[in-house]
Amino acid sequence: MTKHLWKIFGGLKLPGFKSMSMSQATETAPISKILTLPLKQHIGHAAEPIVKVGDTVLKGQMIAAAKDYVSTPIHAPTSGRIIAIEERLVPHPSGIAADCIILEADGKDKWIECSENSNYRQLDASELRNIIRDAGIVGLGGAGFPSFIKLNPGPNNTIETLILNGAECEPFITCDAMLMQEQSRKIIDGLNIMRHALQVNRCIIAVEDNKRAAHTMLVNALQEHEAEYIDVIQIPTLYPAGGEKQLIKTLTGKEVPSNGLPINIGVVCHNVATAAAVATAVLEGKPLISRYVTVTGEGVEHPRNLDVLIGTPFSELVELCGRNSKAEQFIMGGPMMGFEVTSDHIPVVKTSNCILVQRKNSEPDFVMPCIRCGQCADVCPAQLLPQQLYWYARAKNFDKTQDYNLFDCIECGCCTYVCPSHIPLVQYFRFAKTEIWTQEQEKKSSDIARQRHEFRQFRMERKKAENEERKKQKRELLKKVSGEKDNGEDAKKAAIEAAMARVKAKRKTQSITPANTDNLTEKQKEKIAEVESARKKAKEES
Ligand code: SF4
Ligand code: SF4
């Protein structure tokens, strides 16, 4: 359909190099014998292993659970045995190692039991979000943000427009274009599920105007009633038109505020591959364990798209596509926003959209001083002043870089691309951001340490006071008990004395000579008196 589009600032027309990997249908890559599954494949906290070495697992079984709200679980991409949980090299610009679960495939590829939800409309938004979270779905466009969070706008935000981003604007990358061509219905199913979760009326699928096949397939896949609320819109092929903020501007004319989020202006944006993963998770009950990956560049004989299990080594995919002598450098992502990895012995992760294999540039560009030509500012889609940012980043004046909105930089690399002085501007901006984050992290850590120390002091003092109070109460109790004891002793003494007096009196009574004189006859009484008189007399005489 024809629709009014808004123009974005800056941007570049770049050579695409896309056709080379789109000449054949996507092929499913063979299951690797060993799959390496990093615990952190997303923005947020790393997942926590819930299996141990030696455990056998089924395909789709959760093997690491989300550790926090901003975190997602990891699932076994095939059935097999856990053979290690240890640090391995992961895709990262610094070439670091990180904790991974290592799975040895058993070749059976046996699925765990899956719960399908064919009628997802019976589920409410939170039930859908839980399914999407438990399926480990993150933004597959490269960002890796947990998708269920973006489907929870909160009580204070109303979402008017849901956008699916199919504008794959970086050169060489074609995995989304192939997915739109081959799995258009699944993408629309995912969009419908997201629409239901967000309760949105208006949906847009954005496709670049040079991807006609993808556009046609999507339009054809729309059911009649869906065409009433879903627009498949072609946007100009311009780099970086697929950047989230740029795409929203192009389609709606709205600007996402500086340091703000699309949600703040009533828009939610997801990648087309994320939508397909949502459909698989909700309708089939299957978690995210594979993705489309473009393997391309002059270093492979047969560039193409592969459907790859997460955890598969880059090296096996490069071999599959015909590694040649030019395979010297490996980039994850595209040439503009991707990063070079130090080895191809690293695994495909959820955010691996492309492996670009090429020659290493043996003669690095000679960097010259800035001539203040202003070309970098002319192409900056975020309307920043890259030369000023460069100046302050280089001087490590990070406060100033923030004054110049460093964090609005989307690291598209347009400024670097046009700079006649060959200044690696975007690298300075990445460096400045990392330094600021590190400083903030250190400050946060020291604040936490200080709070812990203060709390410990408080606890010790409170314990001391409690001990003192306890001792005091004990002393008082003892005093009271001993007072009662004294009173008790007196009573006891008095009782003993009284008993002794009674015994004494009794004894006294008992010492009187008994006389059985009751009921005697007069005669008997006279006799007794006579005897008594005689006894008395005898006693007196003795
Ligand atoms: S393009 Fe390069 S030389 Fe020109 S102003 Fe920007 S940083 Fe300076
Ligand atoms: S890398 Fe950042 S500063 Fe450079 S053009 Fe892109 S958004 Fe602008």
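Predicted model: local features only at pLDDT ≥ 70, side-chain atom pairs only at ≥ 80, totals over all residues.
Residues are numbered from 1 along each chain as its sequence is written, chains are lettered from A and ligands numbered from 1 in the order in which they are written, and side-chain values use heavy atoms, with hydrogens and water left out.

Let me begin with the ligands. Around ligand 1, taking residues with a heavy atom within 4 Å of it, we find C370, I371, R372, C373, G374, C376, Q387, C419, P420, S421 and L425. That shell divides into 7 nonpolar, 3 polar and 1 charged, where Ala, Val, Leu, Ile, Met, Phe, Trp, Tyr, Cys and Pro count as nonpolar, Asp, Glu, Lys and Arg as charged, and the others, Gly among them, as polar.

Ligand 2 is surrounded by C380, P381, P386, C409, I410, E411, C412, G413, C414, C415, V426 and F429. Two or more residues of this shell come from each of α12 (414-418) and α13 (425-511), helices here being DSSP runs of H or I with at least four residues, and strands runs of E with at least two, numbered from the N terminus. By class, the shell around ligand 2 has 10 nonpolar residues, 1 polar and 1 charged.

Are C376 and C412 buried or exposed? C376 counts as buried because its relative accessibility is 8%, and C412 counts as buried at 7%; buried means under 20% relative accessible area, exposed over 50%, and partly exposed in between, with a 1.4 Å probe and protein chains only. As for disulfides, meaning cysteine sulfur pairs within 2.5 Å, the structure holds 0.

Strands pair if DSSP finds at least two bridges between them; β13 (residues 290-296) pairs with β17 in the parallel sense over 3 bridges, with T294 opposite C354. β15 (residues 329-332) pairs with β17 in the antiparallel sense over 4 bridges, and there I331 stands opposite L356.

Finally, an open sheet of 3 strands runs in the order β3-β5-β6 with antiparallel pairing. Its edges are β3 (48-49) and β6 (74-75), each with a single partner strand, so one side of each is left without a neighbour in the sheet.
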